[in-house]
Amino acid sequence: MIPDPFSGLAAFLAVAETRGFTAASARLGVSPAAVSQAVKALEAKLGTPLFVRTTRRVGLTEAGANLLSRVAPAVADIAGAIETAGAMGDEPSGFLRLTVPRMAVPLIIDRVVPAFRHAHPRITVEVAVEDATVDLLGLGFDAGIRIGEYVERDMVGVRLSRDIVWSVVAAPSYLAARGCPATPEDLTRHEAIRYRFPASGALYRWEFERGGRPLSVDPPGKLIVNDGALLVSFAKAGLGLSYVADIAVEQEQRAGLLVRVLESYLPTTPGLFLYFPQRAQAQPKLRAFIDVTRKLIRLRRIEAEFHHAARGKLKG
C-alpha cells in the first residue's frame, strides 16, 4: 500500500494554528494523546522536530515554520475546492475563520456575525480578536479586518468604513485640570496613554501633519497598554490623552465623555477593510459573509443619512 502523504498534517496544522496540543485536540475532536502521537509520527517520517515544547507554550522550529508556510495555503485551496464542489446548489457550509482588531468588534463584528449566523446556520464562525497584523494564510484564516494601510497589497479588500481621522482625545475633567494642548509640541507637558504594538513591542509615536508635512511626537506617559479599547476607557477615566481613530470614539464624543484636541494637526488614513487572498473569493462561505457584510454596512449608511437629515429638519 502506498503511504498516505497527508498523514499527520491535520494534527500538525491544528497545533501550529492553536499553539497547543489540547486546543488542537478540541478543534479536531480527538484526544490530546492522539494529536501528540500523530505529530510524533510525522516528525519521525520527516526526520526532524516540528515543534519546540515547553511547559508553558508550543512553538514552531525552523522546519515547522517552513512546512507551515508551504502547507497552509495548499490546504486552504483544497478546502475551498471541496466546499465549492459540495455547495453547488446547496446552502454554504464549512468553517470560517476571521482575524479582526478590537476596534472592529463594536463597529462591525457585533452586528454582522449575528446576522450572518442567522442567515447561514451551517457555517461555523471563529473570530480571533488581535490588534497585531497576522499571517493570514500561514495561520489558517479565511479573511481579516484591518485598517487599509496595514492590508497587504496582494490581498483583495472590501471597504467597511469611511476614511479614519486620527484623534487626540481626553475627558473634560482632564482638560479642566491640565489645560488643552494647542500644538503637538505642547504634549511634552501632558500625560499620554501610550500604545505598545503587540508584535514588535515598540511604543507608537503619535503622528501629526503640519503644512502638509508629517510630524511625529513621542509624548511622555506613565500608562501603557496594548489594547485599543483600553485607550478609550482610560481616557474617559481622566487618566490622560489618547491617540485613537475617530470612528472608535464617536459615541463618547457625542455624549460629551471625550473631547478632541489638536484637530488641525491630525492626519487621515484609509478606513477598515475586509481583506482576503484573491483565490479565496470562490469559497461559498466567504462569498456569503461578504454579501451579508455589504448589505448591513449599506443599511447602516442609509440609517446614518436618515438620522442626519432628521436632525437637520429638527434644527430648522
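**Exercise 1.** Work out how strand 5 and strand 15 run relative to each other, and how many bridges join them.

*Solution.* Start with the ranges: strand 5 covers residues 143-147, and strand 15 covers residues 272-277. Strands here are DSSP runs of E with at least two residues, numbered from the N terminus, and two strands pair if DSSP finds at least two bridges between them. Strand 5 and strand 15 run antiparallel and are joined by four bridges. To find your place, look at Arg146, which stands opposite Phe273.

A word on the source: this is a predicted model, where local features need pLDDT of at least 70, side-chain atom pairs count only at pLDDT 80 or more, and totals for chains, interfaces and linings use all residues. Residues are numbered from 1 along each chain as its sequence is written, and side-chain values use heavy atoms, leaving out hydrogens and water.

**Exercise 2.** Describe the surroundings of Ser242.

*Solution.* Next, its relative accessibility is 0%, so Ser242 counts as buried. Then follow the side chain of Ser242 to the backbone oxygen of Leu231, at 2.7 Å. Finally, list contacts (heavy atoms within 4.5 Å): beyond neighbours within four places in sequence, Ser242 touches residues including Ser167, Ile193, Trp206 and Ala235.

Terms used. Buried < 20%, exposed > 50% of the residue type's maximum accessible area, 1.4 Å probe, protein only. Polar contact = N/O pair within 3.5 Å; in protein donor to acceptor, adjacent residues only side chain to side chain.
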